[in-house]
Amino acid sequence: MERSEAELIAAVLKGDATSFEPLVAKYSPRVFATARRYARRESEVEDICQEVWLKAFDKLKTFRGEAPFEHWLMRMAVRTCYDFLRGHQRNRISSFSEISEPEEDWLERYVAEPGSVSEDADAAKLLIDRVLEKLSPEARLVIQLLEIEDRSVKEIAKITGWSVPLVKVRAFRARGEMRKILKRMTQNKYL
Amino acid sequence: MNLTELHKTLIAAARQQAADERVPYAFEKRITALIAARAGADHWMFWARGLWRAAASCVVLVVIFGAVSLFQPVASDSSSDLSQDFENTLLASADLPDNSSMP
């Protein structure tokens, strides 16, 4: 018979590490999807996910069962991704010279006639990935959670451990940072 | 150029990206193996950490007692000399006059 999540957690806490395996199997797809939003290379994604699960195992005794396990785990995943971004800050590239041809075409068409381009285009997706990579870790996290995942300020405060006013301040700064990057990108190429 | 519109368009593009939930083959097995390997290492780590802590507390005690003995004022009164007291106590029986030989 399949054991419930609470039973599995209780067994792990009693010292049965193998009971952790079904939890890893069940929630890894979500953890991987989250990690892929912050890291591009697959080796980095795997490292992040591995760290998330090892942290989850070590800190399992702090899980009180008031909220679903998934929420607790995803909070840990986002925080680990944020730590990863902070650790790889120096890898952010400062020039836009490496924009690919389709991205350049998309941007050119957007500048010429904003209504004519599709936001669904692969080039637009590549371009936003490139812009996000250039943001500071705080800005990237806020833009990802607030604008792309459409989470509330309160939710973000809970996930990140920041206060609500701090999230608002960081969101304001993040939008400014993104606008600056977009301005530089369009100026470099087309003005 | 309207940067706000470009911002909105690019965010909309990011929203349309489907979540990539692929998991490498047997990832959960790898995590379980890592946890098991760490448990073995943790056993040695427990002892190593304990011994280092014990060594650190010993050093602290040595420093404290050293400082106490160094800065303690030397008593001019010989009765408070610990070594002398110890010797007197140890040899007390030998120092006592032998009463058995008395009539």
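I began with the domains: chain A splits into domain 1 (1-91) and domain 2 (95-191), with bounds that come from an automatic or database domain assignment. I noted that this is a predicted model, where local features need pLDDT of at least 70, side-chain atom pairs count only at pLDDT 80 or more, and totals for chains, interfaces and linings use all residues. Residues are numbered from 1 along each chain as its sequence is written, while chains are lettered from A and ligands numbered from 1 in the order in which they are written.

Next I looked at how the two domains sit. The C-alpha centres of domain 1 and domain 2 of chain A are 27 Å apart. Their contact takes seven residues from domain 1 of chain A and six residues from domain 2 of chain A; two residues are in contact if their C-beta atoms, placed from the backbone, lie within 7 Å. On the domain 1 side, helix α4 (residues 69-87) of chain A gives the largest share, five residues. That side has three nonpolar, one polar and three charged residues. For the classes, Ala, Val, Leu, Ile, Met, Phe, Trp, Tyr, Cys and Pro count as nonpolar, Asp, Glu, Lys and Arg as charged, and the others, Gly among them, as polar.

Then I checked the fold. I found nine helices and zero strands in chain A; helices (H or I, at least four residues) and strands (E, at least two) are DSSP runs, numbered from the N terminus. The C-alpha atoms of chain A fill a box of roughly 65 × 35 × 30 Å along the principal axes.

α2(A) and α3(A) pack at an angle of about 135 degrees, with axes 10 Å apart. The axes are lines fitted to C-alpha atoms, for helices over the stretch in contact, and angles run from 0 to 180 degrees between N-to-C directions. The two helices, α2(A) and α3(A), are therefore oblique to each other (under 35 degrees is roughly parallel, over 145 roughly antiparallel, 65 to 115 roughly perpendicular, the rest oblique). Among the residues that meet here are F20(A), V24(A) and F32(A) from α2(A), and I48(A), V52(A) and W53(A) from α3(A). The contact of α2(A) with α3(A) divides into eleven nonpolar, one polar and one charged.

Last, I turned to the partner chain. The contact takes 34 residues from chain A and 29 residues from chain B. α2(A) supplies the largest share of the chain A side, ten residues.
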